[in-house]
Amino acid sequence: MANDWLFAIDADEIDEEDVAPIEIEGKEVAIYRNNGRFYASVDKCTHGNAFLSDGIVVGDVIECPLHQGRFCIKTGKALSAPASISIETFEVKVENGKVFVKVG
Amino acid sequence: MTTIDANADLLKRQREIISRKTLKPYTKRKDLPGLIYFFGLLSCIGLTGFVVFLAEPHGWWIWPAMLLHGIMLSHLFAPLHETSHGTAFKTRWINECVLWFCGIVTIWTPLYFRYDHAGHHTYAQVPGKDPEFVLPTPRTILGYFYYVSAMHLWVKNGGWLFRHALGYMTPFNRQFVPEDQLPKIFLEARIMLAIYFGLAAFTIYTGSLVVLTYWLIPTIIGVPVARMLRVADHTGCVEKSDLRKYARTVTTDRITRFFCWNMSYHCEHHLAPSVPFHNLKGLHEEVGHELNTVDKGYIGVQWEVLTKHMSGLWRKKPHESVVQD
Ligand code: FES
């Protein structure tokens, strides 16, 4: 199952420059939307475990709600303190208005 | 409670007070309000610097002028704090430039402060864990004056600066910083010390008093006003992790709100640190009734702290109970 495309969410359920939490295969995943494109990552901040889906998306960046650590939603790279460890990202595709994720 | 549990608990409680949907519009970032506040404050600093210039030839008049100038300089702590959260500006590089500028002028190591302050948000008012706990119980009047005079601040910030420049961090401070980030923090302290030594060398070499009269002396004598504002944030509130009661929102006038960048809405800031300063008033109107809002102004709060939340003049009495709400 790890390499399968799994349905995550309807594309129109996420606003532009926003994020939504979903659970796939027991994994907590955050799905981001920016400029009409979709991205996915684990839903836990590497600094203190806050849900990134509670954070705010500013362009290509997700900002953690708790201490404002920042990560690139495309690559998962930690961009600023207090976050320093990157987050795991997942492949995403959109078909017929539905977002699919590979949580391998 | 581990840090992870403490963070989870905090977010759970936040959701009990405000939903994500209601909160979201308040988290919107902008550049303009931060630029207006920052350049507004810089203009005030320029103006009081000019007053120092005018007072220079008039003997002792220079002291009240430097005090006024120092009070303005000390308010740079407000943008330092806001930029440490990254919420002051939408444009990241503006945020980081202002953070560094304010850090150098106010003598706070900006990157380390970001980690330390994250620890404060996780553990606000938790004894033994909050790295920015202002006057925990049992507190004394002498302790209050030690804090407000900012002597504690120079000991703390000087300690950060010199220890980190020497490549050492205390175990307590270390818990807030990931191991791989220590070199950056040591480097920032070295850069800042190099700047300060450069200014000292300039002063000694040229015999010019510019650095002393326009920055260092005003900074030292002016900072107590900003410290008094800090006392009002938490001191005398409950000493446990309680989003509703562990901080204090002080209703105050527009001018004070301008100088403290709306940190008078301190409960709201702790409730949702992602909300930029310019939206805290709106957030207060939304949820302020659920939080610890006091309507007596900053001077009233100082009086309350001094008269209700002290356990003596100078000697700590650990078993004495102190008003907790
Ligand atoms: S929990 Fe995300 S930055 Fe601290």
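Me: At what angle do helix α9 and helix α11 of chain B pack?
Reply: This is a predicted model. In chain B, helix α9 covers residues 151–165 and helix α11 covers residues 182–206. Their axes are 8 Å apart, and the packing angle is about 110 degrees.

Me: Are α9(B) and α11(B) roughly parallel or roughly perpendicular to each other?
Reply: Angles of 65 to 115 degrees count as roughly perpendicular. The angle for this pair is about 110 degrees. The two helices, α9(B) and α11(B), are therefore roughly perpendicular.

Me: Which residues of α9(B) make the contact with α11(B)?
Reply: On the α11(B) side, the contact includes B:Ile185, B:Phe186 and B:Tyr196. By class, the contact of α9(B) with α11(B) has 10 nonpolar, 1 polar and 1 charged residues. The residues from α9(B) are B:Leu161, B:Phe162, B:His164 and B:Ala165.

Me: Are α3(B) and α4(B) roughly parallel or roughly antiparallel?
Reply: The axes of helix α3 (residues 32–55) and helix α4 (residues 62–74) of chain B come within 8 Å and cross at roughly 170 degrees. Angles over 145 degrees count as roughly antiparallel. That is why α3(B) and α4(B) are roughly antiparallel.

Me: How many charged residues does the contact of α3(B) with α4(B) have?
Reply: Among the residues in contact are B:Leu41, B:Cys44 and B:Ile45 of α3(B), and B:Ile62, B:Ala65 and B:Met66 of α4(B). By class, the contact has 12 nonpolar and 3 polar residues. The number of charged residues is none.

Me: Which residues lie nearest the centre of the largest pocket?
Reply: The largest pocket holds about 580 Å³ of space, and 31 residues line it. By class, that lining has 15 nonpolar, 9 polar and 7 charged residues. Nearest the centre lie B:Pro131, B:Glu132, B:Phe133, B:Val134 and B:Lys156.

Me: Is the peptide bond from B:Thr137 to B:Pro138 cis or trans?
Reply: Most peptide bonds are trans. B:Pro138 sits in the loop between α7 and α8 of chain B. With omega near -10 degrees, the bond from B:Thr137 to B:Pro138 is cis.

Me: What is the omega of the cis peptide bond that joins A:Ala81 and A:Pro82?
Reply: A:Pro82 belongs to the loop between β8 (78–80) and β9 (89–95) of chain A. The cis bond joining A:Ala81 and A:Pro82 has an omega of about 5 degrees.

Me: Is the phi of A:Asn96 positive or negative?
Reply: Most residues other than glycine have a negative phi. A:Asn96 lies in the loop between β9 and β10 (98–102) of chain A. Although A:Asn96 is not a glycine, its phi of about 50 degrees is positive.

Definitions and conventions:
Residues numbered from 1 in each chain as written. Chains lettered and ligands numbered in written order. Predicted model: local features only at pLDDT ≥ 70, side-chain atom pairs only at ≥ 80, totals over all residues. Heavy atoms only, no water. Axes fitted to C-alpha atoms, helices over the stretch in contact; angles between N-to-C directions. Helix = DSSP H or I, 4+ residues; strand = E, 2+ residues; numbered from the N terminus. Parallel < 35°, antiparallel > 145°, perpendicular 65-115°, else oblique. Contact = heavy atoms within 4.5 Å. Nonpolar A, V, L, I, M, F, W, Y, C, P; charged D, E, K, R; others polar. 1 Å grid on protein atoms, 1.4 Å probe; cavity = no way out; pocket = protein on both sides within 12 Å on 5 of 7 lines; lining within 4 Å. Points joined across faces, edges and corners; volume = space filled by probe spheres on them.
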